[in-house]
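Reader: Please show me the sequence and the structure. After that I will ask what lies behind the words used to describe them.

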Amino acid sequence: MRNLLTFLARFNNLILFLLLEVIAVYLVATSNDYHNSRMVKGVRGVTLVAEKKITDSRNYFRLRKINSDLAEENAALRNNFERLVQADTIHVFSVSDTILKQQYEYITSEIVSNSVNRQKNFFTVNKGSSQGVKTDMAVISPDGVAGIIVSTSENYSVAMSLLNIDFRLSSRIKSSGYFGSLTWDGRDYRYALLNDIPQHVVINEGDTVETTSYSAIFPGGIMVGIISEFERSGSDFYKIRVTLSTDFRKLSPVTIIKNIRQEEQINLESLNQ
Amino acid sequence: MINSILRYGGIFIILILLQVLFFNNIQFSGYVNPYVYIMFILLLPVVMPTWILLIIAFFTGLTVDLFSGTPGMHAGATVMAGFVRPYILRIIAPRDGYEPGASPSMVIYGFRWFLIYTTLIATTHHFILFFLEVFRFTDFLRTMLRILLSSAMTITFILLAEYYRKGR
């Protein structure tokens with residue numbers, strides 16, 4: 001205590017000086033906005049640097065814990081991922097066809113098995129009745145027509161490929177609008193035949209062939225292929241070879257199209273027959 | 001005693017009024033601001049308790065602050081000037097020492113002594129004041145230039161005032 005008092009007595013001027021300077025700086029810092037903000041900024045800068053150092057070193061010592069946490073999280077995510085891969089994801093989206101006033105529903109799916117080398121080719125897609133797939137729905141690839149669903153199970157569906165000698169597709173030449181029936185002759189997976197086009201119609205190689213909506217299965221205007229060659233036969237009709245736009249050898253993502261008014265159309269048509 | 005208090009009171013009022021009414025309004029191109037009021041610190045008796053000196057310096061600066069709208073800046077600078085004053089007086093002490101009770105004056109200690117004394121204290125004061133004002137060390141040279149120019153101005157005015165006082 002005595003020492004403290006002598007200390008204070010000895011340095012009283014210095015202490016008073018420092019006290020008065022602190023008061024002055026305090027006044028400067030609090031009374032002027034500019035000095036205040038500079039002061040806060042400076043103090044914040046110092047404390048931020050210190051806090052960053054502290055946090056960095058703390059994180060360094062926690063690395064082992066963080067590592068094991070991440071490993072656990074990885075394992076958990078991997079488990080979730082496995083479950084997700086096996087679960088069925090359903091992607092259904094609707095398109096309103098304003099031209100034909102007809103609504104189609106689209107279901108994306110993947111081909112799980114396919115063949116092109118038989119006379120009656122079928123392919124299987126990984127969506128079935130539980131995802132809303134029914135028979136007589138159209139299947140298209142990103143490039144054009146692929147087939148028609150002929151049977152469904154709970155999670156899979158089998159579609160008759162366009163490459164099937166029983167397949168009939170109502171299709172038309174885009175430029176003239178004349179329609180005919182598209183069939184496959186069982187030879188080459190790249191080509192199909194377009195029948196029933198009368199010979200008075202002017203056609204050219206390279207004309208586009210597209211679907212009609214007459215069958216109530218396909219929407220109109222889906223690309224089928226382009227005319228590669230044609231000849232006038234002895235009958236009234238052309239023999240037209242169509243290069244298919246869909247490459248059936250690498251068919252993978254397909255879209256199943258549901259025609260919501262299919263029943264209505266078929267019922268009405270059957271009444272008049 | 002009473003006499004000297006009244007005398008210093010008179011000097012204080014005159015210097016503050018001069019500073020607030022006249023010198024505060026002199027600003028040559030933003031660089032030169034003479035602060036002649038520190039002459040009051042200069043003229044205080046050579047021998048006096050430092051704590052009284054510090055408190056007087058603080059309130060002198062605070063008074064100028066109040067009139068200038070710069071709270072704390074002049075107080076801080078003037079306290080610094082008051083704090084260094086005893087050391088400066090000791091360093092530049094004449095050979096035969098100071099007369100007790102005398103105030104530093106050009107008549108007694110000569111022009112050269114008074115010039116050094118004024119220069120040291122005014123520069124110290126201005127250094128603290130201008131750096132407190134800008135409150136940063138960027139534009140250091142610009143601030144130093146302001147300090148030097150203003151110090152020169154202040155010293156000139158203080159010397160002129162001292163001449164006038166001497167002649168009276």
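Author: A residue is buried if 20 or more other C-beta atoms lie within 10 Å of its own, exposed if 12 or fewer, and partly exposed in between, with C-beta atoms placed from the backbone. By that count, 34% of the 168 residues of chain B are buried. The model is predicted: local features need pLDDT of at least 70 and side-chain atom pairs count only at pLDDT 80 or more, while totals for chains, interfaces and linings use all residues. Residues are numbered from 1 along each chain as its sequence is written, and chains are lettered from A and ligands numbered from 1 in the order in which they are written.

Reader: How many helices and strands are there in chain B?

Author: Chain B has 7 helices and 0 strands, and its pattern along the sequence is α-α-α-α-α-α-α. Helices (H or I, at least four residues) and strands (E, at least two) are DSSP runs, numbered from the N terminus.

Reader: Why is helix 2 of chain A called roughly parallel to helix 3 of chain B?

Author: The axes of helix 2 (residues 12-31) of chain A and helix 3 (residues 50-68) of chain B cross at roughly 10° and come within 9 Å. Axes are lines fitted to C-alpha atoms, for helices over the stretch in contact, and angles run from 0 to 180 degrees between N-to-C directions. Angles under 35 degrees count as roughly parallel, over 145 as roughly antiparallel, 65 to 115 as roughly perpendicular and the rest as oblique. Therefore helix 2 of chain A is roughly parallel to helix 3 of chain B.

Reader: Which residues of these two helices meet?

Author: From helix 2 of chain A come A:N12, A:N13, A:L16, A:F17 and A:L20, and from helix 3 of chain B come B:T50, B:W51, B:L54 and B:F58. Two residues are in contact if their C-beta atoms, placed from the backbone, lie within 7 Å. By class this contact has 6 nonpolar, 3 polar and no charged residues. Ala, Val, Leu, Ile, Met, Phe, Trp, Tyr, Cys and Pro count as nonpolar, Asp, Glu, Lys and Arg as charged, and the others, Gly among them, as polar.

Reader: How many residues does the contact take from each chain?

Author: It takes 14 residues from chain A and 15 residues from chain B. On the side of chain A, helix 2 gives the most, with 12 residues.

Reader: What makes strand 7 and strand 8 of chain A a pair?

Author: Two strands pair if DSSP finds at least two bridges between them. Strand 7 (residues 169-173) and strand 8 (residues 179-183) of chain A have 4 bridges, in the antiparallel sense. One bridge joins A:R172 to A:F179 in strand 8 of chain A. Strand 8 and strand 9 (residues 191-195) of chain A also pair in the antiparallel sense, over 3 bridges. The strands of chain A in the order 7-8-9-12-11-10 form a closed barrel of 6 strands with antiparallel pairing.

Reader: What makes a set of residues a nonpolar core?

Author: The set holds buried Ala, Val, Leu, Ile, Met, Phe, Trp, Tyr and Cys residues joined through C-beta atoms within 7 Å. The largest such core has 40 residues, and A:V139 is one of those with the most contacts inside it. Another core, of 38 residues, lies apart from it and includes B:F58 and B:M73.
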